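Hello,

Here is the structure for your files. My notes on it follow below.

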Amino acid sequence: MNDIDEIKEKLSQFALARDWDQFHSPKNLSMALAGEVGELLELFQWLTEEQSNNLTREQRKAVEEEVADVFLYLLRLADRLGVDLLEVAKNKIIINENKYPVDKVKGSSKKYTEY
């Protein structure tokens, strides 16, 4: 069992012990995930680029907690849908490498449809 599987199992047991599986539909989990992403965004909302790159200890702790929430909801959603996150992430990297060839996009923030 790898670390991801261990965390998925802990999340599953956490929900099972609280009888929360009934609430963990893909719709509800994706909405909860969006809410957590919003909370992460809120931490950076009024920071300058420099401030966002140089968080205080307290800001970093808050960001770490929200990143963890986002990760856990995403992992729970993927588990409920039977999605292998590591596999689909590897596949998506290959897709993005093909969409964004270095010789066409290096140093540019344009979307692949714009070059």
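What volume does the largest pocket have? It comes to about 240 Å³. A pocket here is an open set of points on a 1 Å grid over the protein atoms alone, where a 1.4 Å probe fits, with protein on both sides within 12 Å along at least five of seven lines. Its lining has 14 residues, and the closest to the centre are Leu11, Phe14, Trp20, His24 and Tyr73; a lining residue has an atom within 4 Å of a point.

This is a predicted model: local features need pLDDT of at least 70, side-chain atom pairs pLDDT 80 or more, while totals for chains, interfaces and linings use all residues. Residues are numbered from 1 along each chain as its sequence is written, and side-chain values use heavy atoms, without hydrogens and water.

At least two lining residues come from each of helix H1 (3-17), helix H2 (26-44) and helix H4 (57-81). Helices are DSSP runs (H or I, at least four residues), numbered from the N terminus.

His24 sits in the loop between H1 and H2. His24 is buried, at 14% relative accessible area (buried is under 20%, exposed over 50%, with a 1.4 Å probe and protein chains only). Beyond neighbours within four places in sequence, His24 contacts Ala15, Leu29, Arg76 and Arg80, contact being heavy atoms within 4.5 Å.

Leu29 is also one of the buried residues of H2, with Leu33 and Glu36. Seen down the axis, the buried residues of H2 fall within an arc of 65°, so they line one face; the arc is taken from axis-to-C-beta directions. H4 is among what covers them. Exposed Lys27, Met31, Leu41 and Glu42 are on the face of H2 turned away from the buried side.

Regards

Terms used: Grid points are joined across faces, edges and corners, and a volume is the space filled by probe spheres set on the points.
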